[in-house]
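This report describes selected side-chain contacts, element by element. The sequence and the model come first.

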Amino acid sequence: MSQAQPLVGVLALQGDVREHAAMLEHAGARVLPVRRPAELSEVDGLVLPGGESTTMSRLLESFELLEPLRERIGEGMPTFGSCAGMILLAKQALDGRPDQRQLDGLDIVVRRNAFGRQVDSFEGDLQFDGIDGDPLHAVFIRAPWVEKTGDGVEVLARVPDTADAGDAAARIVAVRQAAVLATAFHPEITGDERVHRLFVRMVRDA
């Protein structure tokens, strides 16, 4: 790996692949779309974009990526999941389909579509540990939230505990465990590169 420009993959089966790739390049990484095990073996880190988690889990099996990806995450490959990516990385997903497969990268329990259906998408400003500057503007689209965290999981952000937040108030929406980072929201669509810069630093440090 080049310390100056690590090679970061973006799982390119579904979701905001181009948006994540652009943010990673701005954050100082080289980017490789990943659709095959051979491509997965080349990268220093991987982003799992938003999309539909049950569909993504089926596609991971169809493209023979599920077990190789589990293995690389278990070996310590830095991995970042946004929205559906967070669901896939979780140890357990509530309200999921019985055939959905998990990557077991994070010792967390998530609830799918916790913020409601797509018409109930939510935006808010978050205090995000490990990121300097102003609060992070976050966009949640049919997003999960974290119901439970295990030992070793660091909570990075929660929804502000305000009356406007309703049932989402104080819910956990960003976590890190060792080299695995996950957000319930979509940092790739706001133009704010700070989450991607954090992840690129994690890849360099791994």
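## Ser53 and its polar contacts

The side chains of Ser53 and Arg112 make a polar contact at 3.1 Å. A polar contact is a pair of N or O atoms within 3.5 Å; within protein, one must be able to donate a hydrogen and the other to accept it, and residues adjacent in sequence count only if both atoms are side-chain atoms. The side chain of Ser53 also makes a polar contact with the side chain of Gln100, at 3.5 Å.

This is a predicted model, in which local features need pLDDT of at least 70 and side-chain atom pairs count only at pLDDT 80 or more, while totals for chains, interfaces and linings use all residues. Residues are numbered from 1 along each chain as its sequence is written, and side-chain values use heavy atoms, with hydrogens and water left out.

## Helix 3 and its cover

Ser53 is found in helix 3. Helices (H or I, at least four residues) and strands (E, at least two) are DSSP runs, numbered from the N terminus. With a relative accessible area of 2%, Ser53 is buried; buried means under 20% relative accessible area, exposed over 50%, and partly exposed in between (1.4 Å probe, protein chains only). Leaving aside residues up to four places away in sequence, Ser53 touches Ala84, Ile87, Leu88, Gln100 and Arg112, where contact means heavy atoms within 4.5 Å.

Helix 3 spans residues 53-62, and its buried residues are Ser53, Thr54, Met56, Ser57 and Leu60. They lie on the same side of helix 3 because they cover an arc of only 165° around the axis; the arc is that of the directions from the helix axis to the C-beta atoms. The cover over these buried residues includes strand 1 (7-11), helix 4 (66-74) and helix 5 (84-89). Just after helix 3, Glu64 takes a positive phi of about 55°.

## Thr79 in strand 4

Which strand holds Thr79? Thr79 lies in strand 4, residues 79-82. Thr79 is buried, with a relative accessible area of 0%. Not counting residues up to four places away in sequence, Thr79 touches Leu46, Leu48, Ile73, Leu89, Ala179, Val180, Leu181 and Phe199.

The side chain of Thr79 reaches the backbone oxygen of Met77 at 3.0 Å. Val8 is 71 residues from Thr79 along the chain, and the C-alpha atoms of the two are separated by 9.3 Å.

## Salt bridges

Side chains of opposite charge can pair when their charged atoms come close. A salt bridge is a side-chain nitrogen of Lys or Arg within 4 Å of a carboxyl oxygen of Asp or Glu. The structure holds 11 salt bridges. One of them joins Lys91 and Asp107, with 3.9 Å from N to O. This pair links distant parts of the chain, 16 residues apart: Lys91 is in strand 5 (residues 90-94) and Asp107 in strand 6 (residues 106-111). Lys91 counts as exposed at 53% relative accessibility, whereas Asp107 counts as partly exposed at 28%.

Glu147 and Arg171 form a salt bridge at 3.8 Å, N to O. Glu147 lies in strand 9 (residues 145-149) and Arg171 in the loop between strand 10 (154-158) and strand 11 (172-177), so the pair ties together parts that are 24 residues apart in sequence. Glu147 is partly exposed, with a relative accessible area of 32%, and Arg171 is partly exposed as well, at 28%. Asp192 and Arg194 meet in a salt bridge of 2.7 Å, N to O. Salt bridges that share partners join Glu61, Glu67, Arg70 and Arg101 into one network.

## Aromatic pairs

A search of the whole structure finds three aromatic pairs. Rings of Phe, Tyr and Trp (its six-membered ring) pair if their centres lie within 6.5 Å; planes under 30 degrees apart count as stacked, over 60 as edge-to-face and the rest as tilted. Phe128 and Phe185 form an edge-to-face pair, 6.4 Å centre to centre with 85° between the planes. Phe128 is in the loop between strand 7 (122-126) and strand 8 (136-140), and Phe185 in the loop between strand 12 (180-183) and helix 6 (194-205), 57 residues apart. Both Phe128 and Phe185 are buried.

Phe140 and Phe185 also form an edge-to-face pair, 5.6 Å centre to centre with 70° between the planes. Phe140 lies in strand 8 and Phe185 in the loop between strand 12 and helix 6, so this pair ties together parts 45 residues apart in sequence. Phe140 is buried, as is Phe185. Ring pairs link Phe128, Phe140 and Phe185 into a cluster.
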